[in-house]
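Here is a brisk report on one protein model. It covers helix packing, domains and backbone geometry.

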Amino acid sequence: MRKILIAGCEQEISSFNPQSSRYEDFDILRGKALFAAHAGADTCIRGALDVLGVRNDLELVPVYAASACSAGPLAQADFERLAGEFLTAIADAMTPDVAGVYLSLHGAMGATGERDPEGYLLQRTRAIVGPQIPIVISMDLHGLLTARMLENCDAIAVYHTYPHNDFTSTGQRAARLLEAILDRGARPVMARIIIPALVRGPELITATGLYGKVIDRAKAMETGGEALSAAVLIGNPFTDAPELGSQSLVITDNDPQQARRLALELADAFWAGHDRMLAELEDLPAAIADAATQPGPVTFTDAADAPSSGASGDSNTILAALLAASYRGRAIMPIVDAPAAARAHAAGVGARLRLSLGGTIDPVRFPPLELEVEVERLGDGEYVHEVSRLPAHAGPTAVLRHGDIRIVVISHAVFMMDRAIFLAHGLDPEQADIIVVKSPGAAMRYFTFARRNYVLDIPGATSANLKSLGHLVCPRPMFPLDDDVVFTPKPELYPSASRATP
Ligand SMILES: [Zn+2]
């Protein structure tokens with residue numbers, strides 16, 4: 001029976017997080033455990049299994065899947081170990097009856113010595129499976145699609161939603177691309193156009209914003225049969241890499257002119273609204289003063305220090321400002337600080353001590369802050385995220401109290417999108433006046449009881465104030481890093497041979 005190899009490698013990084021991520025940060029699944037983990041989950045691999053798993057003429061082979069929480073760039077030796085395992089698993093699974101390969105990628109990985117990890121994995125996978133076996137991938141719209149990736153795969157399905165809620169359906173679309181090639185002999189031609197813009201802010205919410213209108217047209221190209229696949233990727237502005245930027249991508253069945261024309265249409269539509277796709281950020285002292293005059297709870301969005309976007313999670317900026325303002329309300333906030341958690345565990349519940357909080361990873365942005373605290377509660381950091389139902393491994397944790405401010409200190413960065421980090425530590429967000437949420441979009445989705453959300457202009461490795469980050473590698477000029485950026489569309493076609501096709 002013909003076999004389809006299924007594998008994945010996913011992480012999103014911020015180049016501006018000074019702490020490297022490590023091999024040990026990855027959850028790695030092989031064999032039956034890989035399919036078992038994804039069968040009931042909301043993931044791209046699950047979507048591919050939904051479509052391909054019901055066929056009795058294909059055997060699906062679970063090869064290797066690695067995924068990690070967003071973080072700083074992956075240490076090079078650790079990337080090489082991970083890539084070595086991935087590629088060895090592909091080579092070991094390669095037999096004469098393999099008919100296709102599906103890879104679930106993110107697109108915004110980065111290693112300290114390899115700025116295009118997904119391109120490397122695809123190039124090496126292509127070398128192993130040879131030129132004839134179709135390779136189809138799925139990607140996050142925050143991914144950085146590179147020329148090397150385009151040269152080494154046959155077709156791509158990209159998320160259509162932000163905040164993301166189409167993991168499974170994107171995997172299904174990727175699987176249908178593979179079916180089009182295998183069953184109908186489709187010959188995908190990919191056109192992409194690089195757009196010199198990094199975007200943030202509410203207009204990116206696809207259900208309501210300008211970006212969603214452009215994506216709607218891409219979806220219509222797919223459902224109406226104009227294209228096999230269509231997307232507008234916005235990249236991850238925190239992954240500072242040579243091909244960072246936004247881009248349109250359209251894949252047709254052997255029709256390069258149509259692919260080029262539709263990619264131009266999407267790129268032009270996106271560029272027309274790009275200068276409205278900026279975050280509106282508020283001044284922190286003004287937000288504290290405003291919050292103090294009204295009943296809570298309100299949320300303080302600290303997207304600049306969002307572990308889900310790759311930040312270090314050790315920002316104490318809001319804490320320092322609350323102390324400076326002599327804020328008297330009830331505030332709750334998380335912080336990554338392994339030494340402080342260890343000291344709290346050594347001191348025990350009920351102990352009062354003076355310790356340093358924050359800046360253990362990024363002391364340049366977050367000077368460590370000394371304060372008196374009482375240890376209210378200790379924990380092991382093992383709990384379940386509220387929305388994804390996936391386990392969190394936060395390491396030793398402590399709830400520290402300073403006046404009416406309660407700080408959930410954790411040892412390892414975890415996603416901080418929903419209420420779980422508070423509820424798991426005995427804190428009810430609805431009873432707080434200020435809730436610090438270290439995620440760009442979570443306050444609006446999971447803290448809907450809050451009376452107001454302040455999105456703050458404060459430092460961090462994932463600040464929406466993109467000019468504050470210090471990009472060194474990405475192409476310039478780039479909106480909004482530079483003024484008066486001009487967009488001159490230059491369609492690129494893949495595979496390269498199709499460039500000669502009339
Ligand atoms: Zn994303």
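## Helices H1 and H2

Helix H1 (residues 31-39) packs against helix H2 (residues 44-52) at an angle of about 95 degrees, and their axes are 8 Å apart. That makes H1 roughly perpendicular to H2. Angles of 65 to 115 degrees count as roughly perpendicular, under 35 as roughly parallel, over 145 as roughly antiparallel and the rest as oblique. Axes are lines fitted to C-alpha atoms, for helices over the stretch in contact, and angles run from 0 to 180 degrees between N-to-C directions. Helices (H or I, at least four residues) and strands (E, at least two) are DSSP runs, numbered from the N terminus.

Phe35, His38 and Ala39 of H1 meet Ile45, Arg46 and Leu49 of H2. Contact requires C-beta atoms, placed from the backbone, within 7 Å. By class, this contact has 4 nonpolar, 1 polar and 1 charged residues. Ala, Val, Leu, Ile, Met, Phe, Trp, Tyr, Cys and Pro count as nonpolar, Asp, Glu, Lys and Arg as charged, and the others, Gly among them, as polar.

## Model and numbering

This is a predicted model: local features need pLDDT of at least 70, side-chain atom pairs count only at pLDDT 80 or more, and totals for chains, interfaces and linings use all residues. Residues are numbered from 1 along each chain as its sequence is written.

## Leu60

Leu60 sits in strand S3 (residues 58-68). Leu60 touches Ile4, Ile6, Leu49, Leu52 and Gly53, not counting residues up to four places away in sequence. Leu60 is partly exposed, because 17 other C-beta atoms lie within 10 Å. The cut-offs are 20 or more such atoms for buried, 12 or fewer for exposed, and partly exposed in between, with C-beta atoms placed from the backbone. Between Leu60 and Asp337 there are 43 Å in space, C-alpha to C-alpha, and 277 residues in sequence.

## Two domains

The protein chain divides into domain 1 (2-277 + 489-495) and domain 2 (284-464). These bounds come from an automatic or database domain assignment. The domain centres, taken over C-alpha atoms, are 33 Å apart. Contacts link 15 residues of domain 1 with 16 residues of domain 2. On the domain 1 side, 7 are nonpolar, 6 polar and 2 charged.

## Helices H9 and H10

The axes of helix H9 (residues 284-292) and helix H10 (residues 317-324) come within 10 Å and cross at roughly 60 degrees. H9 is therefore oblique to H10. Leu284, Pro285 and Ile288 of H9 make the contact with Ile318, Ala321 and Leu322 of H10. The contact has 6 nonpolar, no polar and no charged residues.

The buried residues of H10 are Thr317, Ile318, Leu319 and Leu322. Just after H10, Ser326 takes a positive phi of about 50 degrees.

## Backbone exceptions

Most residues other than glycine have a negative phi, and most peptide bonds are trans. Asn254 has a positive phi of about 55 degrees. Asn254 lies in the loop between strand S9 (246-253) and helix H8 (256-273). With 14 C-beta neighbours inside 10 Å, Asn254 is partly exposed. Asp484 also has a positive phi of about 55 degrees. Asp484 is exposed, with 6 other C-beta atoms within 10 Å.

Pro477 is in the loop between strand S19 (453-455) and strand S20 (492-494).

Technical notes: Two residues are in contact if their C-beta atoms, placed from the backbone, lie within 7 Å.
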